[in-house]
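Work through the exercises below with the coordinates open. Each task is followed by a stepwise solution.

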Amino acid sequence: MAPPVFRFAPSPNGHLHLGHAYSALLNFDRARETGGRLLLRIEDIDATRCRPEFETAIYEDLAWLGVAWETPVRRQSEHLADYRAALDKLSALGLVYPAFESRAEIAKLVAAREAGGPWPRDPDGAPLYPGECKSLQGDARARLIASGAPYALRLDMAAACQRVAGLTWRELGEQQRGERGIVPARPEAWGDVILARKETPTSYHLSVVVDDALQGVSEIVRGQDLFHATAVHRLLQVLLGLPEPTYRHHRLICDGEGRKLSKSSRSTGLRELRAAGASPASIRALVGLG
């Protein structure tokens, strides 16, 4: 059997914090324990927020922690054609449509819907897409696109779910509600998710499943905040004919008030902790891996 393949995939839109350290170390430790491989992927599709100095800092912080990875490193911005090909395949299945509402317009639509009662929200708490662009005729869509109007390409979730029955994933982590083993996937809870935008031919959901498949990732170790998003990823994997990895969602490292750490949290930033005298061993202890 081929050795298992793991990956750590940060975005260079800020400096790494203790939560990143925990995830990177878990992946590194799992790779060593199983005789597997660890890949590093730079998820830099957000050109407005990702910066070269943050990418350089990622390499420096991980090397200081003692994390070793294979090279070359995959940078998403260099592989947009891969995501475009996957999007084209979904479009050919009739599962993608352009939605032209701005974020402000969507907020107004949600407010109008909620005047008559609660509007459904996804597992992250965001309202499901409330627009009606899915019903636009082809010529109307073409005119809007030709006019230069901005748009997001969304997955027709209802049509996609009709193609896939009995969707599940294999969960190796210990989740808060005891989910472990074969977990039912319910992608419909996310509504018509965005797969790409006019200016960017991919989204997180699309690029992550394409990358994991192309890189042969067999076990995905990541935070509990992405547990429910796995349903969308499994749906896309099946629709695109991609292999199914196993998943291990781990606990999150939170601040003193129980909130998920952010890259703006300087008190838990690896660079700040290192400057204050922390060692790789003390970082391991701080995240419970000592």
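**Exercise 1. Determine how many residues of H8 are buried, and list them.**

Step 1. Helices (H or I, at least four residues) and strands (E, at least two) are DSSP runs, numbered from the N terminus. Buried means under 20% relative accessible area, exposed over 50%, partly exposed in between (1.4 Å probe, protein chains only).

Step 2. Note the source. This is a predicted model: local features need pLDDT of at least 70, side-chain atom pairs count only at pLDDT 80 or more, and totals for chains, interfaces and linings use all residues. Residues are numbered from 1 along each chain as its sequence is written, and side-chain values use heavy atoms, with hydrogens and water left out.

Step 3. Count. In H8, 10 of the 11 residues are buried, and the helix is mostly covered.

Step 4. List. The buried set is Thr230, Ala231, Val232, His233, Arg234, Leu235, Leu236, Gln237, Leu239 and Leu240.

Step 5. Look just past the helix. Most residues other than glycine have a negative phi.

**Exercise 2. Find the residues of the largest nonpolar core that touch the most other members.**

Step 1. Define the core. A nonpolar core is a set of buried Ala, Val, Leu, Ile, Met, Phe, Trp, Tyr and Cys residues joined through side-chain atoms within 4.5 Å.

Step 2. The largest core has 45 residues, and Leu90, Leu155, Leu195 and Leu235 touch the most other members.

Step 3. Trace the suppliers. Elements giving at least two residues each include helix H3 (80–92), helix H4 (103–114), strand S5 (152–155) and helix H8 (230–240). H8 gives the largest share of this core, 6 residues.

Step 4. Not counting residues up to four places away in sequence, leucine 90 touches Leu95, Val96, Leu195, Leu206, Leu236, Leu239 and Leu240. Contact here means heavy atoms within 4.5 Å.

Step 5. Look elsewhere. Another core, of 26 residues, lies apart from this one; Leu16, Phe28, Leu65 and Val287 are among its members.

**Exercise 3. Give the strand order and the pairing sense of the sheet with S1, S2 and S3.**

Step 1. Two strands pair if DSSP finds at least two bridges between them.

Step 2. Read the order. The 3 strands form an open sheet, S1-S2-S3, with parallel pairing. Strand S1 (5–8) and strand S3 (70–75) are the edges, each pairing on one side only.

Step 3. Take the angle. On average, neighbouring strands are turned by 30° against each other, direction ignored. Axes are lines fitted to C-alpha atoms, for helices over the stretch in contact, and angles run from 0 to 180 degrees between N-to-C directions.

Step 4. S1 and strand S2 (residues 37–42) share 4 parallel bridges. Phenylalanine 8 stands opposite leucine 40 of S2, and arginine 7 has leucine 39 of S2 as its bridge partner.

Step 5. Inspect S3. Proline 72 lies in this strand. A cis peptide bond joins threonine 71 to proline 72, with omega about 5°.

**Exercise 4. Which residues line the largest cavity?**

Step 1. Define it. On a 1 Å grid over the protein atoms alone, a cavity is a set of points where a 1.4 Å probe fits but cannot get out; lining residues have an atom within 4 Å of a point. Grid points are joined across faces, edges and corners, and a volume is the space filled by probe spheres set on the points.

Step 2. Search. The whole structure has 1 cavity of 30 Å³ or more. The largest cavity has a volume of about 30 Å³.

Step 3. List the lining. Phe8, Ala24, Leu38, Leu39, Leu40, Leu62, Val67 and Trp69 line the largest cavity. S2 supplies the largest share, 3 residues.

**Exercise 5. Explain why one side of S4 and of S8 is left without a neighbour in the sheet.**

Step 1. Read the order. The open sheet has 3 strands, S4-S5-S8, paired antiparallel.

Step 2. Explain. S4 and S8 stand at the edges with a single partner strand each, so one side of each has no neighbour in the sheet.

Step 3. Finish with a pair. S5 and S8 are joined by 3 bridges, and leucine 153 has alanine 196 in S8 as its bridge partner.

Methods. On a 1 Å grid over the protein atoms alone, a cavity is a set of points where a 1.4 Å probe fits but cannot get out, and a pocket is an open set with protein on both sides within 12 Å along at least five of seven lines; lining residues have an atom within 4 Å of a point.
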